[in-house]
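Subject: Structure handover and findings

Hello,

Here is the structure for your files. My notes on it follow below.

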Amino acid sequence: MSMILSASVIRVRDGLPLSASTDYEQSTGMQECRKYFKMLSRKLAQLPDRCTLKTGHHNINFISSLGVSYMMLCTESYPNVLAFSFLDELQKEFITTYNVMKTNTAVRPYCFIEFDNFIQRTKQRYNNPRSLSTKINLSDMQTEIKLRPPYQISMCELGSANGVTSAFSVDYKGAGKISS
């Protein structure tokens with residue numbers, strides 16, 4: 001079953017997690033993906049504003065805007081248009097709820113954890129396609145993704161985790177290499 005597993009809101013300049021969903025599975029694959037979340041968080045300022053990292057059975061997608069990144073983990077079969085529509089919805093709500101000054105001056109991790117309520121409700125809607133299809137228009141996002149596809153991050157670009165470089169690499173399909 002294709003679905004969204006978790007989501008996070010992260011400050012771009014320093015990778016500080018501002019909010020996150022609280023329902024991580026504890027499987028080995030999920031633990032590995034959490035490492036990738038952290039690695040990506042440290043490199044957000046060096047990456048384009050819309051990216052995908054394929055990690056085997058899961059994808060990590062994110063968008064960044066106004067110094068904040070919205071990141072999600074989903075199964076590999078979850079449609080890109082739904083993933084980026086979900087992230088766009090998180091972004092719009094976060095921007096209207098919290099001003100840039102608040103996010104720039106946050107000093108402790110998860111200081112906007114109450115945003116998790118919105119993340120959870122939105123995640124449930126996006127994980128139930130029947131209720132979702134009547135509430136959002138995906139054609140605009142489909143067109144946007146077609147015209148400007150997400151940058152495909154390779155495992156090589158992430159660097160090493162705990163001094164060990166990832167054993168596998170993903171085919172490079174990005175629009176241009178970003179140097180770190």
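Contact here means heavy atoms within 4.5 Å. On that basis, residues 24 or more positions apart account for 63% of the contacts in the protein with a separation of 6 or more.

Please note that this is a predicted model: local features need pLDDT of at least 70, side-chain atom pairs count only at pLDDT 80 or more, and totals for chains, interfaces and linings use all residues. Residues are numbered from 1 along each chain as its sequence is written, and side-chain values use heavy atoms, with hydrogens and water left out.

Overview

The protein has seven helices and eight strands. Helices (H or I, at least four residues) and strands (E, at least two) are DSSP runs, numbered from the N terminus. Of the 180 residues, 47% are buried. Buried means under 20% relative accessible area, exposed means over 50%, and partly exposed lies in between (1.4 Å probe, protein chains only).

Two packed helices are described by the angle between their axes and the distance between the axes. Axes are lines fitted to C-alpha atoms, for helices over the stretch in contact, and angles run from 0 to 180 degrees between N-to-C directions. Angles under 35 degrees count as roughly parallel, over 145 as roughly antiparallel, 65 to 115 as roughly perpendicular, and the rest as oblique.

Take H2 with H4. H2 covers residues 80–97 and H4 covers residues 116–126. Their packing angle is about 155 degrees, and their axes are 11 Å apart. The two helices are therefore roughly antiparallel. The crossing of H2 with H4 is right-handed. A crossing is right-handed if the near helix is turned clockwise from the far one by less than a right angle, and left-handed if anticlockwise. On the H2 side, the contact uses Leu82, Ser85, Phe86, Glu89, Leu90 and Glu93. On the H4 side, it uses Phe118, Ile119, Thr122, Lys123, Arg125 and Tyr126. By class, that gives six nonpolar, two polar and four charged residues. The classes are nonpolar (Ala, Val, Leu, Ile, Met, Phe, Trp, Tyr, Cys and Pro), charged (Asp, Glu, Lys and Arg) and polar (the others, Gly among them).

Now H2 with H6, residues 139–147. The angle is about 110 degrees, with the axes 9 Å apart. H2 and H6 are therefore roughly perpendicular. Asn80, Val81, Phe84, Ser85 and Asp88 in H2 meet Met141, Gln142 and Ile145 in H6. This contact has four nonpolar, three polar and one charged residues.

Ile95 also lies in H2. Ile95 is partly exposed, because its relative accessibility is 36%. Beyond its neighbours within four places in sequence, Ile95 contacts Leu66 and Tyr70. The C-alpha atoms of Ile95 and Ser65 are 9.4 Å apart, across 30 residues of chain.

Positive phi

Most residues other than glycine have a negative phi. Leu66 has a positive phi of about 55 degrees and is not a glycine. Leu66 sits in the loop between strands S4 (58–65) and S5 (68–75). At 54% relative accessibility, Leu66 is exposed. Tyr110 has a positive phi too, near 60 degrees. Its place is the loop between helix H3 (100–105) and H4. Tyr110 is partly exposed, at 39%.

Buried strand residues

Which strand holds Arg11? Arg11 is in S1, residues 4–11. Arg11 counts as buried because its relative accessibility is 4%. Its side chain reaches the backbone oxygen of Asn104 at 3.2 Å. Its contacts beyond four places in sequence include Leu16, Gly67 and Thr103.

Leu73 is in S5. Leu73 is buried, at 0% relative accessibility. Beyond four places in sequence, its contacts include Ile4, Met30, Phe37 and Ile60. Leu73 and Arg34 are 39 residues apart in sequence and 9.0 Å apart, C-alpha to C-alpha.

Thr52 is in S3, residues 50–54. Thr52 is buried too, with a relative accessible area of 1%. Its C-alpha is 9.9 Å from that of Leu73, 21 residues along the chain. The Thr52 side chain makes a polar contact with the Asn61 side chain at 2.8 Å. A polar contact is a pair of N or O atoms within 3.5 Å; within protein, one must be able to donate a hydrogen and the other to accept it, and residues adjacent in sequence count only if both atoms are side-chain atoms. Beyond four places in sequence, Thr52 also contacts residues including Asn80 and Phe84.

Best wishes
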